[in-house]
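Please read these notes with the structure open beside you.

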Amino acid sequence: MRRLIAVPLLAAMLALPGAAAAQDITPQQKTEIEKIIREYLIKNPQVLQEAIAELEKRQAEAEQVKRAQAVTELRTEIFSSPRQAAIGNPAGDLTLVEFFDYNCGFCKRALADKDSLLKGDGKLKIVLKELPVLGPGSVEAARVSVAARMQDPGAKFAAFHDKLLGTRGPVAKDRAMQVAKEVGYDMARIERDLESPEVAATIQEGLKLADALGITGTPSYVVGDEVVIGAVGAETLKAKLDAVRKCGKAVC
């Protein structure tokens, strides 16, 4: 806002005798300056809209820079943590990280985006990060999910993940356990592993990473050095992935 109203403000100050410096402004002069600024803004309200838009733009840019720095600092935990599941090509040349919640409606819709990306890119690996932020049911489902990953993080987990996330309506432990049984997990081991410290540590790691990256909702993604918030669609994600391959970052 300072940049946008600097010209009328400066003109107002110069129009007042003896007001060469801020400390020399008298109460009367201050009142006159405020009156001129007020009249200017009333006559030109679009200035406030421009100021707000500029402020939001700068804040978004600063937030993205902050997130990119966090990605650099936490790269190992984000892309290569032992406490995560991965689908697609395990030896792929490019990794997309997704933070999700099994009760997130937008995450459910984004399943098709994931399938589209994997079908069109045989060298893509997608890392899945548990971020159960939508209540106790989400935490319960995430706990079963981690126990399933601990037992078999490969094709069986991919089937479990898709089936549970594709469930209509809310899910919790009962539904997650039912899906685990349907895809062939050892349920006695699932029950034992639910009490493992690894389960709590995995969920805690996801929450801490999300906090550091400024992620407050699901789905959210990490592509190269960029954090992408929301279900932006397969085409947007593909464009960013292509950019990472081309120039090493999500926006060339």
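**Notes on the predicted model**

1. The model is predicted. Helix α7 covers residues 136-151, which is 16 residues.

2. Which residues of α7 are buried? They are Ser-138, Ala-141, Ala-142, Val-144, Ser-145, Val-146, Ala-147, Ala-148, Arg-149 and Gln-151. What do the buried residues of α7 pack against? Their partners are the strands β1 (85-88) and β3 (124-130), together with the helices α8 (155-165), α9 (173-182), α10 (187-193) and α11 (197-212).

3. The largest nonpolar core contains 38 residues. Leu-96, Tyr-102, Phe-157, Phe-160, Leu-164, Ile-190 and Val-223 have the most contacts inside this core. Another core, of 14 residues, lies apart from it; Ala-70, Ile-78, Ala-210 and Val-227 are among its members.

4. Leaving out residues up to four places away in sequence, Leu-164 touches Tyr-102, Lys-108, Ala-141, Val-171, Arg-175, Ala-176 and Val-179.

5. Five strands form an open sheet in the order β1-β3-β2-β4-β5, and the pairing is mixed. The edge strands, β1 and β5 (226-229), each pair on one side only. On average, neighbouring strands of the sheet are turned by 25° against each other, direction ignored.

6. Strands of a sheet pair through backbone hydrogen bonds, in either a parallel or an antiparallel sense. For β2 (residues 94-100) and β4 (residues 220-223) the sense is antiparallel, over four bridges. Phe-99 has Ser-220 in β4 as its bridge partner.

Conventions:
Residues are numbered from 1 along each chain as its sequence is written. This is a predicted model: local features need pLDDT of at least 70, side-chain atom pairs count only at pLDDT 80 or more; totals for chains, interfaces and linings use all residues. Side-chain values use heavy atoms; hydrogens and water are left out. Helices (H or I, at least four residues) and strands (E, at least two) are DSSP runs, numbered from the N terminus. The expected span of a helix is 1.5 Å times one less than its number of residues. Buried means under 20% relative accessible area, exposed over 50%, partly exposed in between (1.4 Å probe, protein chains only). Contact means heavy atoms within 4.5 Å. A nonpolar core is a set of buried Ala, Val, Leu, Ile, Met, Phe, Trp, Tyr and Cys residues joined through side-chain atoms within 4.5 Å. Two strands pair if DSSP finds at least two bridges between them. Axes are lines fitted to C-alpha atoms, for helices over the stretch in contact, and angles run from 0 to 180 degrees between N-to-C directions.
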